[in-house]
Amino acid sequence: MVEKNILVWFRNDLRIEDNEILLEACEKATNIIPVYVFDPRYYETTTYNTLKTGIFRAKFILESVANLKKSLQNLGGDLLILQGKPEEIIPEIAKKYNADAVYHHREVASEETEVSTLVEDALWKLKINLKHFIGHTFYHKEDLPFPIKDIPDVFTAFRKKVERESTVRPCFKAPTQIIIPSNLEPSALPSLINLGFTACADEVTTANFNGGESEGLKRLKYYLWDTDLLKKYKLTRNGLLGMDYSSKLSPWLAAGCLSPRSIYWEIKKYERERGANDSTYWLIFELLWRDYFRFMFKKHGTKYFLETGFKNKTQDLAENQMQHFEAWKNGQTGIPFIDANMIELNTTGFMSNRGRQNVASFLIKDLKVNWVLGAAYFEEKLIDYSPSSNWGNWAYIAGVGNDPREDRYFNIIKQATDYDPKAEFVKHWLPQLKNIPHNKIQALFNLSTTELAIYGVELGKNYPNALVVLPG
Ligand SMILES: Cc1cc2nc3c(=O)[nH]c(=O)nc-3n(C[C@H](O)[C@H](O)[C@H](O)COP(=O)(O)OP(=O)(O)OC[C@H]3O[C@@H](n4cnc5c(N)ncnc54)[C@H](O)[C@@H]3O)c2cc1C
């Protein structure tokens with residue numbers, strides 16, 4: 001059958017570069033119908049009493065969809081933006097514009113794949129095929145040296161074999177022209193208020209993250225070509241303060257404004273033109289973790305959302321865990337290094353990788369709070385939230401996922417002194433500590449959590465109070 005009209009269903013692939021569904025639809029169809037659906041289920045309150053999508057990410061997604069619409073318009077097309085359940089909207093639009101097929105990128109987490117199944121079933125009743133593409137990873141699953149079910153549960157074993165035996169496919173070019181039906185209905189971007197928030201977009205500050213493919217490409221160019229920051233990534237990547245210690249590409253990757261593959265090939269080009277070193281390799285190494293967690297989600301499915309993970313292990317919980325959880329969320333534990341990180345998250349939607357590891361470990365191992373609550377909180381707040389990267393990392397730290405080491409423990413005191421020796425990060429986010437000499441703040445770090453409790457540094461206390469109780 002020659003396909004004449006193809007509906008391109010955009011989800012977390014908000015880009016025109018290296019977007020196979022868009023290019024193939026343009027090549028095969030007379031008309032394409034590009035659609036993005038704001039699904040109300042993504043803006044609801046969860047069973048953990050958190051939002052599925054907080055305001056930082058919502059704003060980023062709105063900007064990304066707006067940018068995609070503009071790019072498609074520049075190529076002669078447009079983007080139909082609708083609100084509702086995709087399983088109702090996609091078939092309705094497919095029918096209205098006589099679509100012969102619907103194209104979309106396959107997801108891995110259960111809620112996303114369930115929506116695809118519902119859409120597929122509804123389309124089937126109309127005799128329309130939903131075609132699945134792969135576009136969120138470096139590697140296609142067919143190009144891995146093992147079937148999904150045999151992928152090792154230890155990253156290093158996966159990485160070594162993949163590095164030896166698999167290759168990353170080339171990128172797809174952006175289409176040069178988009179032809180849409182002449183009667184494609186006009187549509188506008190919803191506002192944050194339409195999505196259920198009370199604030200307007202310009203009241204939200206998200207550090208330096210503006211959504212959209214154009215901004216993502218700008219950041220990539222900045223990090224590689226304009227500044228050569230890539231050249232020292234391995235040395236700086238554990239930083240905490242500012243925009244430049246790591247690539248900060250994660251929000252654009254999560255919304256699919258950039259494809260991991262296009263980053264891979266840009267790094268390879270950089271290596272050819274400006275030289276390869278440990279740092280250029282290391283960014284690819286870190287990006288491989290992202291692939292890994294996605295493949296792990298395909299392997300273990302919904303087990304990543306369970307307290308017991310796929311290792312079927314239970315966690316020790318404090319009796320007053322909800323009180324601890326509240327203090328942690330609000331950056332009021334009394335441990336400056338933890339609180340500064342949480343305040344950064346609450347204020348900007350971002351936290352460094354070092355910060356994430358520490359606050360997660362502290363919540364689980366020191367405060368003895370159910371890790372699932374922490375993961376759900378991150379799901380709301382993170383501007384770069386992606387199901388497999390978030391729940392995979394949390395399960396790892398909770399010891400119920402892919403960490404091969406039993407009972408890994410982050411010593412928060414040591415971590416704070418190693419990574420924030422002058423307390424610059426802490427003072428940035430806790431300005432009330434500004435005038436306190438950093439060695440005095442470090443003195444607080446030098447006590448174990450139990451000792452802090454003995455000395456009366458209690459959860460929820462304000463900083464000046466907490467410091468006053470320091471012995472000596
Ligand atoms: C508890 C916890 C929760 C996390 N939740 C998320 C999440 O929801 N979304 C997310 O993108 N990352 C998550 N991460 C991974 C990591 O912290 C972020 O990807 C990173 O901090 C983003 O900053 P960057 O782009 O500057 O990273 P860089 O250091 O520049 O790394 C480049 C890219 O590699 C990938 N990457 C790096 N580290 C990891 C990792 N450990 N796991 C998976 N991918 C990685 C990311 O795509 C990142 O953008 C989480 C880590 C922890 C410990």
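**Architecture, helix packing and ligand shell of a predicted model**

In helix H3 (residues 86-96), the residues Pro86, Glu87, Ile89, Ile90, Pro91, Ile93 and Ala94 are buried, a residue being buried if 20 or more other C-beta atoms lie within 10 Å of its own, exposed if 12 or fewer, and partly exposed in between, with C-beta atoms placed from the backbone. Helices (H or I, at least four residues) and strands (E, at least two) are DSSP runs, numbered from the N terminus. The structure is a predicted model, in which local features need pLDDT of at least 70 and side-chain atom pairs count only at pLDDT 80 or more, while totals for chains, interfaces and linings use all residues. Residues are numbered from 1 along each chain as its sequence is written.

The buried residues of H3 pack against strands S1 (5-10), S2 (31-38), S3 (80-83) and S4 (101-105), and against helix H4 (110-125); two residues are in contact if their C-beta atoms, placed from the backbone, lie within 7 Å. Asparagine 98, which follows H3, has a positive phi, near 50°.

The protein chain contains 20 helices and five strands. Its radius of gyration is 23 Å, close to the 23 Å that the globule rule gives for 472 residues, so the chain is as compact as a globular protein of that length. The radius is taken over C-alpha atoms, and the globule rule is 2.2 Å times the number of residues to the power 0.38. Along the principal axes, the C-alpha trace of the protein chain spans about 80 × 50 × 45 Å. Buried residues account for 45% of the 472 residues. Of the contacts between residues at least 6 apart in sequence, 77% join residues at least 24 apart.

Two packed helices are described by the angle between their axes and the distance between the axes. Helix H12 (residues 336-348) and helix H13 (residues 353-366) pack at an angle of about 115°, with their axes 10 Å apart. Here axes are lines fitted to C-alpha atoms, for helices over the stretch in contact, and angles run from 0 to 180 degrees between N-to-C directions. H12 contributes Phe337, Ile338, Asn341, Met342 and Glu344 to the contact, and H13 contributes Gly355, Asn358, Val359 and Phe362. By class, this contact has five nonpolar, three polar and one charged residues; Ala, Val, Leu, Ile, Met, Phe, Trp, Tyr, Cys and Pro count as nonpolar, Asp, Glu, Lys and Arg as charged, and the others, Gly among them, as polar.

Around the ligand there are 29 residues, of which Ser246, Ser247, Ser250, Asn390 and Asn393 come nearest; a residue is near a molecule if its C-beta atom, placed from the backbone, lies within 6 Å of it. Helix H8 (250-254), helix H10 (278-300), H13 and helix H15 (387-398) each give two or more residues to this shell. The largest share, six residues, comes from H10. The shell divides into 13 nonpolar, ten polar and six charged residues.

Lysine 248, in the loop between helix H7 (233-236) and H8, has a positive phi of about 60° although it is not a glycine. Lysine 248 counts as buried because it has 20 C-beta neighbours inside 10 Å. Asparagine 312 likewise has a positive phi of about 60° and is placed in the loop between H10 and helix H11 (321-329). Asparagine 312 is exposed, with 10 other C-beta atoms within 10 Å.
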